[in-house]
Amino acid sequence: MVKTTERWIQSQQYRKWDLRCLKLQPLSPVPSDIEISRAQSPKAVDVLAKEIGLLTDEIEIYGQTKAKVRLSLLERLKDQPDGKYVLVAGITPTPLGEGKSTVTIGLVQALTAHLSINSFACLRQPSQGPTFGVKGGAAGGGYAQVIPMEEFNLHLTGDIHAITAANNLLAAAIDARILHENTQSDKALYNRLVPAVNGVRGFSAIQLARLRRLGIYKTDPDTLTEEEVRKFARLDIDPSTITWQRVVDTNDRFLRKITVGQANTEKGFIRQAQFDIAVASEIMAILALTTSLQDMKERLGKMVVANDKKGEPVTAEDLGVTGALAVLMKDAIKPTLMQTLEGTPVFVHAGPFANIAHGNSSVLADKIALKLVGEKGFVVTEAGFGADIGMEKFFNIKCRASGLVPSVVVLVATVRALKMHGGGPNVTAGAPLKKEYTEENLQLVAGGCCNLQKQIQIAQLFGVPVVVAVNIFKTDSAAEVDLVCKIAKQSGAFDAVPCNHWSAGGGGAVKLAQAVEEAARQKTSFKYLYSLELPIVEKIRIIAQKVYGAQDIELSPAAQSQVDRYTQQGFGNLPICMAKTHLSLSHQPERKGVPTGFILPISDVRASIGAGFIYPLVGTVSISNCRSSSTFFLLF
């Protein structure tokens with residue numbers, strides 16, 4: 001018995017990695033992403049799991065190359081020191097993107113396959129909308145990819161489907177509740193909500209909690225007065241204030257505006273509604289920020305879906321569906337394990353957009369990875385869009401939720417994007433690049449480095465060292481790349497390194513990996529940009545002035561009214577998640593470089609109470625009209 005106990009205790013300890021990396025044989029010219037992915041034979045996922053110290057009962061295998069990782073690992077390794085935490089962000093991008101995901105994957109391939117340092121990449125799951133749209137998938141590219149790329153980009157382990165099911169269950173519950181309240185008496189409603197089972201009536205736990213919120217401290221359903229029955233049974237939702245929409249993970253533009261309730265069975269309850277894309281659901285943001293199953297359940301219950309006719313918030317908890325939502329999400333909360341082209345581990349989990357949400361992969365994936373890599377290992381994650389959006393939200397929202405402190409920021413820049421910021425012609429997705437982008441032009445590069453300098457300064461606001469990664473394209477000249485690296489170092493970057501991981505795999509990012517390892521040894525003085533105790537408007541102003549470079553902000557009457565309402569409802573101490581174009585530091589996509597002297601217009605202010613943030617809508621950004629040039633597929 002003693003020996004058995006000793007073996008069990010030993011099996012629960014942290015295990016050193018015994019990772020067998022996969023060999024790459026890069027070809028020139030570089031084949032297509034799908035050809036590269038299919039040419040590599042990935043390890044069986046149970047083999048990969050064993051190599052990185054996961055126990056057999058800590059994984060749930062989906063096919064040959066994917067596995068869910070159970071959260072029980074966090075308890076097993078709770079005393080294991082965390083590794084180093086690295087964020088990959090970028091300069092203000094062109095519409096083509098500048099390769100943050102590719103840099104993230106190239107960096108971990110370099111760290112583990114070439115420098116023998118434990119590392120984990122933590123990435124977002126791509127939405128089916130962009131995957132089948134202009135943007136395409138998000139598995140990386142060239143010889144820095146997650147494989148199999150088809151599995152990564154399509155369905156994965158069903159997390160987005162679970163979010164869709166949970167979101168639409170809540171939407172159905174809202175309309176059903178309004179219908180029943182419109183067509184039934186107080187007594188009939190009450191009897192439906194608290195039915196007799198085998199002749200006995202009793203409140204459920206969620207109903208008892210609602211009674212307490214109403215100031216009713218009774219436990220026997222038969223003792224409520226008529227007034228108490230009415231207060232309990234009726235939510236009195238104001239249909240004009242419903243903010244919770246149905247979702248689907250497809251670019252279906254004809255669902256942007258719909259009318260619901262036209263069947264005779266709905267008895268004339270007709271209202272206008274809409275479908276959003278699934279990953280824009282607040283449930284996705286909650287999945288990305290939650291720290292446990294219990295925390296997720298509490299956040300789901302706090303989601304505000306409408307106001308009642310007195311102007312008070314109505315939540316998912318009020319509708320009594322919190323448990324049902326949590327059950328639908330019970331598997332989605334577990335991160336999915338995959339691998340890179342060189343056989344190094346990757347967590348794929350959550351996929352919130354970086355406009356109305358915070359644009360980062362999950363807290364849970366990061367926490368599990370930080371335990372698995374060991375004290376000397378690295379966890380590398382990426383933030384959506386430019387550093388002014390994704391990185392700012394990573395620090396002010398995600399780090400507050402997780403309690404984790406980053407070690408290094410890797411700032412991705414491309415010669416192409418810098419030329420655009422230096423006055424180059426417009427870059428359009430699907431159109432050939434103009435000659436300014438394919439021929440050497442040091443003047444444009446130098447002029448555009450102002451944007452790189454600004455993004456370095458933004459990172460320094462948080463007290464974290466910056467390493468600039470220049471993502472190399474075949475049309476870049478050596479002189480252009482050298483100029484970018486020189487200016488970056490002069491502007492306060494710890495180091496600046498050219499990277500060829502797209503064409504060479506991890507071997508092309510070894511210098512970047514070495515620079516990151518060295519930067520991680522530096523002392524950091526991490527700090528948040530603002531205190532949560534500040535008023536909502538002041539927090540918005542700090543972001544606008546210190547991050548975007550605005551002169552000031554201007555709230556519309558509607559925005560000011562919402563700020564007043566949220567403050568009165570007790571939501572004033574939440575962090576801010578700005579919904580802004582990703583194509584400029586300002587609210588105007590056409591203004592490149594570093595705009596100054598502008599007034600940032602706040603057209604409206606919304607709240608994701610379950611996720612835990614207030615999101616102001618900047619300029620023409622709209623969550624219901626993706627034809628605006630400053631909207632990023634929130635809807636379709």
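Two strands pair if DSSP finds at least two bridges between them. By that rule, E20 and E21 are joined by six bridges and run antiparallel. Helices (H or I, at least four residues) and strands (E, at least two) are DSSP runs, numbered from the N terminus. The model is predicted: local features need pLDDT of at least 70, side-chain atom pairs count only at pLDDT 80 or more, and totals for chains, interfaces and linings use all residues. Residues are numbered from 1 along each chain as its sequence is written, and side-chain values use heavy atoms, with hydrogens and water left out.

**The sheet E19-E20-E21**

- Three strands make up an open sheet with mixed pairing, in the order E19-E20-E21.
- Its edge strands are E19 (552-555) and E21, each of which pairs on one side only.
- On average, neighbouring strands of this sheet are turned by 50 degrees against each other, direction ignored.
- Ala 607 stands opposite Ile 614 in E21.
- Helix H24 (residues 536-548) lies across E19, E20 and E21 and runs at about 140 degrees to E19.
- Axes here are lines fitted to C-alpha atoms, for helices over the stretch in contact, and angles run from 0 to 180 degrees between N-to-C directions.

**Helix H12**

- Buried means under 20% relative accessible area, exposed over 50%, and partly exposed in between (1.4 Å probe, protein chains only).
- Eight of the eight residues of H12 (residues 282-289) are buried, so the helix is largely enclosed by the rest of the structure.
- Among these buried residues are Glu 282, Met 284 and Leu 289.
- Contact means heavy atoms within 4.5 Å.
- The buried residues of H12 pack against helices H8 (159-183), H13 (293-302), H16 (363-373) and H17 (387-402), and also against strands E20 (599-608) and E21 (613-618).
- At the start of H12, a side-chain oxygen of Ser 281 comes to within 3.1 Å of the backbone nitrogen of Ile 283.
- A polar contact is a pair of N or O atoms within 3.5 Å; within protein, one must be able to donate a hydrogen and the other to accept it, and residues adjacent in sequence count only if both atoms are side-chain atoms.

**Two buried residues**

- Ile 286 sits in helix H12 and is buried, with a relative accessible area of 0%.
- Leaving aside neighbours within four places in sequence, Ile 286 is in contact with Met 296, Arg 299, Leu 300, Met 303, Gly 610 and Ala 611.
- The C-alpha atoms of Ile 286 and Phe 598 are 33 Å apart, and the two residues are 312 residues apart along the chain.
- Thr 381 belongs to strand E15 and counts as buried at 0% relative accessibility.
- Not counting residues up to four places away in sequence, Thr 381 touches several residues, including Tyr 85, Cys 122, Asp 366 and Lys 398.

**Backbone details in loops**

- The peptide bond from Ser 28 to Pro 29 is cis, with omega near 0 degrees.
- Pro 29 is in the loop between helix H1 (2-11) and helix H2 (33-39).
- A cis peptide bond also runs from Ile 147 to Pro 148, with omega near -10 degrees.
- Pro 148 is in the loop between strand E6 (144-147) and helix H7 (149-153).
- Ser 116 has phi near 55 degrees, a positive value in a residue other than glycine.
- Ser 116 lies between helix H5 (100-114) and strand E4 (119-123), in a loop, and is exposed at 67% relative accessible area.
- Phe 385 has a positive phi too, near 60 degrees.
- Phe 385 is in the loop between strand E15 (378-382) and H17, and is buried at 11% relative accessible area.

**Pockets and cavities**

- On a 1 Å grid over the protein atoms alone, a cavity is a set of points where a 1.4 Å probe fits but cannot get out, and a pocket is an open set with protein on both sides within 12 Å along at least five of seven lines; lining residues have an atom within 4 Å of a point.
- Grid points are joined across faces, edges and corners, and a volume is the space filled by probe spheres set on the points.
- The second largest pocket holds about 850 Å³ of space.
- It is lined by 41 residues, of which Ile 242, Thr 243, Trp 244, Arg 606 and Tyr 615 lie nearest its centre.
- Elements giving two or more residues to this lining include H12, E20 and E21.
- Three cavities of 30 Å³ or more turn up in a search of the whole structure.
- The largest cavity has about 80 Å³ of space, and its lining includes Gln 125, His 155 and Asp 249.
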